[in-house]
Amino acid sequence: MMQPIEKFSFQYNVEEYKLLEYVYPVAQEYAPDFDYNENTGESYMVVSQAPDIFKGRYNARKLRHKFTVEEYMQDKELQGYLTTLELDSEKFWYLLLFCYDYSWGICMEGIEVNKSPVEHIRGFIDAIYNNYTGSGMLGAIFNEPISITLKVGRKNIVIDNNNAIACIAKFCDDGLENNDLTNLPNGYFVDITRKSSDSFSVLAYYFSKMIISAFNHQGQVKEKRKKGANLSDKEKMVIAHLLYLTGIISNESVRVSYEYLKTILMRYKDMEIRRLNSFYF
């Protein structure tokens with residue numbers, strides 16, 4: 001039986017570095033860090049700090065998982081797939097811990113990120129334009145009745161003149177297009193006290209994508225795929241087993257079929273998760 005490390009060191013250690021070999025490229029892809037050039041002001045990517053955060057959470061026994069290394073090792077089918085894919089079971093254990101912990105921190109306890117001012121203005125413009133059908137003898141025509149309400153304290157200012165509303169949309173649109181907005185705060189407002197969560201199917205999707213990222217960084221795994229395929233059947237079965245092992249999916253049938261995996265990868269492929277990771281912030 002594999003014996004997990006008691007605690008990670010924060011000094012460079014060859015053996016510990018090897019244990020996290022599968023974690024580093026995934027962390028760099030999902031949680032890169034950035035610095036900036038003081039001379040040019042341009043930002044550039046640097047080494048992710050996520051692996052060190054993971055070490056700290058591991059050492060403090062704060063990782064979110066409830067599954068055990070015994071359950072992981074006793075899943076003989078899973079271990080067989082890993083062997084066939086030439087993946088080291090011990091290194092994969094730490095990858096599994098990291099991917100589950102990171103996925104949970106963003107999908108189930110993520111910190112809300114509000115829209116930037118420019119996004120709010122663009123959404124306002126689009127809502128008006130999408131309802132606009134043209135102009136007639138009396139001016140702007142809208143498909144549905146439209147009005148704008150500005151609340152100032154307890155006072156409401158209502159604009160229900162179609163021409164005025166069309167002009168406001170045009171002025172805003174021109175302003176975004178033609179004016180220098182460098183002085184307009186474009187950053188996202190973050191309130192670390194506000195957390196939100198998605199469904200377990202979104203968690204399953206995000207977790208699966210992280211595992212797929214790890215596969216993509218392993219040449220021997222990619223070589224086993226059919227020509228033109230993004231994943232081999234054995235890779236899919238590894239993920240299917242992991243979804244059940246982690247408890248993300250409680251239906252045991254997921255272990256014998258990768259149909260659920262195919263469904264969520266298709267359903268959420270265009271989804272953007274607008275949250276910060278509360279564990280790796």
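Student: At roughly what angle do the axes of α9 and α12 cross, and how should I read such a value?

Tutor: In this predicted model, the two axes cross at roughly 95° and come within 9 Å of each other. An angle from 65 to 115 degrees counts as roughly perpendicular, and α9 and α12 are therefore roughly perpendicular to each other.

Student: Which residues of α9 and α12 meet?

Tutor: From α9 come Ser201, Ala204, Tyr205, Ser208, Lys209 and Ile212, and they meet Tyr260, Leu261, Ile264, Leu265 and Arg267 of α12. Sorted by class, this contact of α9 with α12 holds 7 nonpolar, 2 polar and 2 charged residues.

Student: Let me take one residue from that list. Is Ser208 buried or exposed?

Tutor: Buried means under 20% relative accessible area, so Ser208, with its 0% relative accessibility, counts as buried. Ser208 lies in helix α9, and, when neighbours within four places in sequence are left aside, Ser208 is in contact with Ile239, Leu243, Leu261 and Ile264.

Student: How does α2 pack against α9, in terms of angle and distance between axes?

Tutor: The axes of α2 and α9 are 9 Å apart, and the helices pack at an angle of about 125°, which makes α2 oblique to α9. The crossing in which α2 passes α9 is right-handed. On the α2 side the contact is made by Val26, Glu29 and Tyr30, and on the α9 side by Tyr206, Lys209, Met210, Ser213 and Ala214. By class, 5 of the residues in this contact are nonpolar, 1 is polar and 2 are charged.

Student: Which residues is Phe98 in contact with, beyond its neighbours within four places in sequence?

Tutor: Phe98 is in contact with Val23, Val26, Ala27, Ala50, Phe54, Met210 and Tyr280. Two of these names have come up already, for Val26 of α2 and Met210 of α9 also take part in the contact between those helices.

Conventions. Residues are numbered from 1 along each chain as its sequence is written. This is a predicted model: local features need pLDDT of at least 70, side-chain atom pairs count only at pLDDT 80 or more; totals for chains, interfaces and linings use all residues. Side-chain values use heavy atoms; hydrogens and water are left out. Contact means heavy atoms within 4.5 Å. Axes are lines fitted to C-alpha atoms, for helices over the stretch in contact, and angles run from 0 to 180 degrees between N-to-C directions. Helices (H or I, at least four residues) and strands (E, at least two) are DSSP runs, numbered from the N terminus. Angles under 35 degrees count as roughly parallel, over 145 as roughly antiparallel, 65 to 115 as roughly perpendicular and the rest as oblique. A crossing is left-handed if the near helix is turned anticlockwise from the far one by less than a right angle, and right-handed if clockwise. Ala, Val, Leu, Ile, Met, Phe, Trp, Tyr, Cys and Pro count as nonpolar, Asp, Glu, Lys and Arg as charged, and the others, Gly among them, as polar. Buried means under 20% relative accessible area, exposed over 50%, partly exposed in between (1.4 Å probe, protein chains only).
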